[in-house]
Amino acid sequence: MSRPLRVLLLASHEVPEERLREIWRLRLEMLTLTRPEAQDWEEFRRAVVGPDRYVFVFVDPQDVAQGFFTIAMLPVEVGRRRMLLMFSKFFYFRRAYRGHPKTILAPWRLLPIAWRGHGLRSLHFVTTAFPQSYVSLTRTSGRTWSLRDDQAPTWARAALTQFAQTFYPGSFDSEEGVVRGANVADGESMPHSAEARRLAQRYEELNPTWREGTTLPILFSVDARLVRTNAARVARRALRRG
């Protein structure tokens with residue numbers, strides 16, 4: 001049975017300082033820092049708080065944050081495509097709450113916010129991924145694209161390039177299709193299913209230098225595949241609970 005969670009969706013400037021520090025500390029539980037904590041805190045706060053940025057916080061019955069993710073919205077034009085990229089820079093959950101049904105359903109609450117603010121555009125989630133987040137997001141979405149994927153369509157490559165140039169202007173390696181100099185996410189709790197192992201191996205092929213702080217920009221679309229995959233995952237979890 002899933003542990004109870006309450007979902008808070010807040011505009012970034014409305015997140016109280018105490019809550020912001022709480023989720024920053026939660027993130028530190030899962031990272032090997034490559035910079036001083038004080039510097040990391042300032043960079044975290046600047047990355048989270050800003051215009052068109054939102055924070056999902058998942059709290060237990062004691063109001064303790066057990067996970068969170070952030071969203072920054074970036075409208076882009078790729079040929080005739082009007083796209084809205086929703087960048088989740090931070091996505092962290094304690095192990096007992098990973099894959100919780102509410103983490104799958106919560107992002108759908110962004111749709112009316114996105115369309116009110118930016119009109120009708122195709123919607124796509126983007127982020128930079130280490131193995132654990134790549135496995136989790138690819139399983140959730142059904143498919144992700146990266147700049148190192150030979151089969152990635154032209155429009156996805158163009159959108160990923162605009163995303164990386166906007167948010168990582170100093171560390172994006174456009175020739176290699178990666179972002180360098182990131183904190184290294186610890187991967188001790190990687191899922192052990194056959195599908196997860198296959199995706200973890202695929203990530204190693206796409207980004208073999210991730211242990212050096214090289215992270216992989218990825219994209220997945222809000223489309224029929226995402227709806228089917230989300231529905232199937234929620235149904236499977238409901239059957240297991242039953």
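Guide: What follows goes through the salt bridges, then a helix, a cavity and some single residues.

Guide: This is a predicted model, in which local features need pLDDT of at least 70 and side-chain atom pairs count only at pLDDT 80 or more, while totals for chains, interfaces and linings use all residues. Residues are numbered from 1 along each chain as its sequence is written, and side-chain values use heavy atoms, with hydrogens and water left out.

Visitor: What makes a salt bridge, and how many salt bridges does the structure hold?

Guide: A salt bridge is a side-chain nitrogen of Lys or Arg within 4 Å of a carboxyl oxygen of Asp or Glu. The structure holds 17 of them. One joins Asp63 to Arg6, with the closest N and O atoms 3.1 Å apart. Asp63 sits in the loop between strand S3 (53-59) and strand S4 (65-78) and Arg6 in strand S1 (residues 6-11), so this pair ties together parts 57 residues apart in sequence. Helices (H or I, at least four residues) and strands (E, at least two) are DSSP runs, numbered from the N terminus.

Visitor: Which residues are linked with Arg6 and Asp63 in a network of salt bridges?

Guide: Arg19 and Glu22 are linked with Arg6 and Asp63 in that network.

Visitor: Which residue meets Glu17 in a salt bridge?

Guide: The side chain of Arg45 meets that of Glu17, at 3.8 Å from N to O. This pair links distant parts of the chain, with Glu17 in helix H1 (residues 17-28) and Arg45 in helix H2 (residues 37-48), 28 residues apart. Glu17 is partly exposed at 40% relative accessibility, and Arg45 is partly exposed at 28%. In another salt bridge, the closest N and O atoms of Glu204 and Arg211 are 2.8 Å apart. Glu204 has a relative accessible area of 25% and is partly exposed.

Visitor: How should I read burial along a helix, and how many residues of helix H5 are buried?

Guide: An α-helix has 3.6 residues a turn, so residues three or four places apart point the same way. In helix H5 (residues 131-141), 8 of the 11 residues are buried, so this helix is largely enclosed by the rest of the structure. The buried residues of H5 are Pro131, Ser133, Tyr134, Val135, Leu137, Thr138, Thr140 and Ser141. Just after H5, Gly142 has a positive phi of about 95°.

Visitor: What does the side chain of Ser141 reach?

Guide: The side chain of Ser141 reaches the backbone oxygen of Arg143 at 3.0 Å. A polar atom of the Ser141 side chain also lies 2.8 Å from the backbone oxygen of Leu137. Ser141 is buried, at 2% relative accessibility. Not counting residues up to four places away in sequence, Ser141 touches Phe220, Arg225, Leu226 and Thr229, where contact means heavy atoms within 4.5 Å.

Visitor: How is a cavity found, and which residues line the largest cavity?

Guide: Rolling a probe the size of a water molecule over the atoms shows where empty space is left. On a 1 Å grid over the protein atoms alone, a cavity is a set of points where a 1.4 Å probe fits but cannot get out, and lining residues have an atom within 4 Å of a point. Grid points are joined across faces, edges and corners, and a volume is the space filled by probe spheres set on the points. The count is 1 cavity of 30 Å³ or more. The largest cavity holds about 50 Å³ of space, and its lining is Ser141, Arg143, Trp145, Phe220, Ser221, Asp223 and Arg225.

Visitor: How many residues of each class are in that lining?

Guide: The lining has 2 nonpolar, 2 polar and 3 charged residues. Ala, Val, Leu, Ile, Met, Phe, Trp, Tyr, Cys and Pro count as nonpolar, Asp, Glu, Lys and Arg as charged, and the others, Gly among them, as polar.

Visitor: Is Thr128 buried or exposed?

Guide: Thr128, in strand S7 (residues 122-129), is buried at 14% relative accessible area. Its side chain makes a polar contact with the side chain of Tyr168 at 3.4 Å.

Definitions and conventions:
Buried means under 20% relative accessible area, exposed over 50%, partly exposed in between (1.4 Å probe, protein chains only). On a 1 Å grid over the protein atoms alone, a cavity is a set of points where a 1.4 Å probe fits but cannot get out, and a pocket is an open set with protein on both sides within 12 Å along at least five of seven lines; lining residues have an atom within 4 Å of a point. A polar contact is a pair of N or O atoms within 3.5 Å; within protein, one must be able to donate a hydrogen and the other to accept it, and residues adjacent in sequence count only if both atoms are side-chain atoms.
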